[in-house]
Amino acid sequence: MPPAPLPTQLDQLCAQLGTMCDTVSTALRRASVALLENRERLATQVICDYRGVQAMRAEAEELATDALLFHQPVAGDLRAVVSAIRTAGDIERMGGLARHIAKVVVRGRPLPAEVRPDLARMGDVAVDLGRKAAEVVRTRNVLLALELDRDDDDMDELHVRLFEVLMDPGWQHGVPAAVDVTLLGRFYERFADHAVTVAHATVYAVTGREPDTIPI
Amino acid sequence: MRDAYQEQLDELAEGLAGMCEQVAEALQKATRALLEQDLQLAEEVISEDVRIDDVRDAAEARAFALLALQAPVATDLRIVVSAIHGAGDIERMGDLALHVAQAARRRHPNPVLPTEIAPYFAEMGKVGVALARKAADVIRTRDLASAAELESDDDAMDDLHRHMFSVLMGPGWTHGVAPAVDVTLLARFYERYADHAVAVARRIVYVVTGRMPGPLAV
């Protein structure tokens, strides 16, 4: 069977990355629900599902390699393929971070009440970023990609606030809970960072420039 | 023509290996800055990180030119794709060394680490630096046995990490929450650094064998 034409392969690649991004966003939502509602079985499922994300990444990379091999793309098409290879790695990592959150749930230490609202909010912002990144990957909408930067600022603010709660002398929950919350905050923040990177890579693939230099 | 092409591939590999050595040095300095509250050394690591980012861009541009001009196939294509991944991993290692240096700077002149925890970090630093150096060797030699060695070295990092956490969570911990938060994040940086070094080695295995080794346990 002859290979599909390059535009078809590129479309497949974008679709694959979009699906992957949605999958890890769903994983993060489920991990967050598991965290806030203390649902260990749900967390275990998130941990198991990570294998699927890894398989999707391998598939994306195979698609990209085929495109390079059969069509030897140049210029914009080459940029799109290379950026897809990188993006697949970022999205896989987002899945890994959702799994890390699920692992904290499985460890079974209760989550202190005063960090719940911030962590819940971080989960919402992160899932939203993941969904937007999926949309950017699918539609290559550069303006939407820039929106992710603002959302990420929200995440950074939440992260700073979480640390204030932790470092407060009134913290009553001891060191183990503080360690958990430190890591959870970091996982959400990294998830958001990777979502932004995915969007940036897409901007680069479309325009050939990193987002900062776009004059809008 | 073919020779110039081979030369370009070699340059690509050499560029990545050099990058590994740079981030090894960065982690070595950052660890010393952390353990000895050496502000100047911390600043050095922080300002040099920009250079590592530049090297990454150069490596990527080289990979790009190879793809566009030479249209490599089979193993050569695997090399170029792996180089793109590798450059990303190694840059991230540089960022993590930077985070360690930033922690040292933020708390200066106070030590970040309680005394009984410092030896763990000295050891994690040693293991991390050795992993990055080995990754450089693996890139140059494509030796599968050394690539496999990185996995067991990474186990040593994981053991240190786990053990340190048991100290942190244990009843003997008297330093309260704030240092525990610092230590938690710092330990994570070292652990991630090691994971990225292993990922680089795994990519080389893929270049040589055409198959990725099993999933990375992170």
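Predicted model: local features only at pLDDT ≥ 70, side-chain atom pairs only at ≥ 80, totals over all residues.

Colleague: Which pattern does chain B follow, read along the sequence?

Modeller: Chain B contains six helices and zero strands. Read along the sequence, its pattern is therefore α-α-α-α-α-α.

Colleague: How compact is chain B relative to a globular protein of that length?

Modeller: The C-alpha atoms of chain B fill a box of roughly 65 × 35 × 20 Å along the principal axes. For 218 residues the globule rule gives 17 Å, and the radius of gyration of chain B is close to this value, so the chain is as compact as a globular protein of that length, at 19 Å.

Colleague: Which element supplies the largest share of the largest nonpolar core?

Modeller: That core holds 143 residues, and Ala97(B) is one of those that touch the most other members. Leaving aside residues up to four places away in sequence, Ala97(B) touches Val23(B), Ala26(B), Leu27(B), Ala30(B), Val45(B) and Tyr193(B). The largest share of the core is 18 residues, and these come from α6(B).

Colleague: Which helix gives the most to the side of chain B that touches chain A?

Modeller: The contact takes 22 residues from chain B and 22 residues from chain A. On the chain B side, α2, α3, α5 and α6 each supply at least two residues. By class, this side has 18 nonpolar, three polar and one charged residues. With seven residues, the helix that gives the most is α6(B).

Methods. Residues numbered from 1 in each chain as written. Chains lettered and ligands numbered in written order. Contact = placed C-beta atoms within 7 Å. Helix = DSSP H or I, 4+ residues; strand = E, 2+ residues; numbered from the N terminus. Nonpolar A, V, L, I, M, F, W, Y, C, P; charged D, E, K, R; others polar. Core = buried A, V, L, I, M, F, W, Y, C linked by C-beta atoms within 7 Å. Buried ≥ 20, exposed ≤ 12 C-beta atoms within 10 Å, placed from the backbone. Rg over C-alpha atoms; globule rule 2.2 N^0.38 Å.
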